[in-house]
Amino acid sequence: WSDAQVFGTTPHIRRSDAAGHVVDDLVSQGLIGAAGVALDLDNGKVYWVDSGAGTIRRADLDGSNGELVIGGLFLPQGVAIDSINEKVYWAGTGQDLFSVAIRRANFDGTEVQDVITYPCCGGPTLYNLALDTVHGKLYWRDTRLYRSNLDGTDAEELPPVMDEPEGGLAIDAAGGKVYWADGDVLRANLDGTSIEIVVPTA
């Protein structure tokens, strides 16, 4: 996960064991505003977005061999990985700087393209996205849940309505579920139906 810089603290990319007892700092140098982390387990890589630096970077899972994937971005946010097609997806400002978009590029940073685009005013506030590469779908959220094909075609709005735009989003393709945080942790079928609370607010 990423810890943002707050009140003079140093931002980090961190990991822990499943119980949360052992916490390691993977990346603690050169971060300005870490705003999303994604794993490429097929290739043994961790990717992160630095919204302050306008970059997407990656490293080995132990934090070594860090490298720049894409630079020169304006306020990028969440990140997701398609290891099958070797694509990295992120949310942020679109190509024309007057739009918000979900964008993607090859793993080497080439062929950057807008996949989903909205006007800068009046569209969703894009923070979090997730991929279902088994079924070839891209999901994103603000106070609604949306999905499309991986290339942005056949975009649709799904039933869930949320109070906050910035909560997390994750896909369990094998189990046929989409999970999100909105105070409680909730889940639904991949088409957004059969919404249920998984972890209620304490």
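Me: What makes the link between Asp60 and Lys45 a salt bridge?

Reply: The closest N and O atoms of Asp60 and Lys45 are 2.7 Å apart. A salt bridge requires a side-chain nitrogen of Lys or Arg within 4 Å of a carboxyl oxygen of Asp or Glu, so the pair at 2.7 Å qualifies. The model is predicted: local features need pLDDT of at least 70, side-chain atom pairs count only at pLDDT 80 or more, and totals for chains, interfaces and linings use all residues. Residues are numbered from 1 along each chain as its sequence is written, and side-chain values use heavy atoms, with hydrogens and water left out.

Me: Why can the pair Asp60 and Lys45 be said to tie parts together?

Reply: Asp60 is in strand S6 (residues 55-60) and Lys45 in strand S5 (residues 45-50), so the pair joins parts that are 15 residues apart in sequence. Strands are DSSP runs of E with at least two residues, and helices are runs of H or I with at least four; both are numbered from the N terminus.

Me: How do you know whether Asp60 is buried or exposed?

Reply: Its relative accessible area is 18%. Buried means under 20%, exposed over 50% and partly exposed in between (1.4 Å probe, protein chains only), so Asp60 is buried. Lys45, with 17%, is buried as well.

Me: How many salt bridges does a search of the whole structure find?

Reply: The search finds six. Among them, Arg103 and Asp114 meet through their side chains at 2.6 Å, N to O. Arg103 lies in strand S10 and Asp114 in strand S11, so this pair ties together parts that are eleven residues apart in sequence. Arg103 has a relative accessible area of 10% and is therefore buried, whereas Asp114, at 25%, counts as partly exposed. Arg187 and Glu196 form another of these bridges, at 2.7 Å from N to O. Arg187 is partly exposed at 25%, and Glu196 is partly exposed at 33%.

Me: What makes S9 and S10 a pair?

Reply: Two strands pair if DSSP finds at least two bridges between them. S9 and S10 have seven, in the antiparallel sense, so they pair. Lys87 stands opposite Asn106 in S10.

Me: Which strands are the edge strands of the open sheet?

Reply: The sheet has four strands in the order S8-S9-S10-S11, with antiparallel pairing. Strand S8 (79-82) and S11 are at the edges, since each pairs on one side only.

Me: Which residues touch the most other members of the largest nonpolar core?

Reply: They are Tyr89, Ile102, Ile116, Leu129, Leu138 and Trp140, out of 14 residues in the core. A nonpolar core is a set of buried Ala, Val, Leu, Ile, Met, Phe, Trp, Tyr and Cys residues joined through side-chain atoms within 4.5 Å. Strands S9 (87-93), S11 (113-119), S12 (128-132) and S13 (137-141) each supply at least two residues of this core. S11 gives the most, with three residues. A second, separate core of 13 residues includes Ile56, Leu73, Val88 and Ala105.
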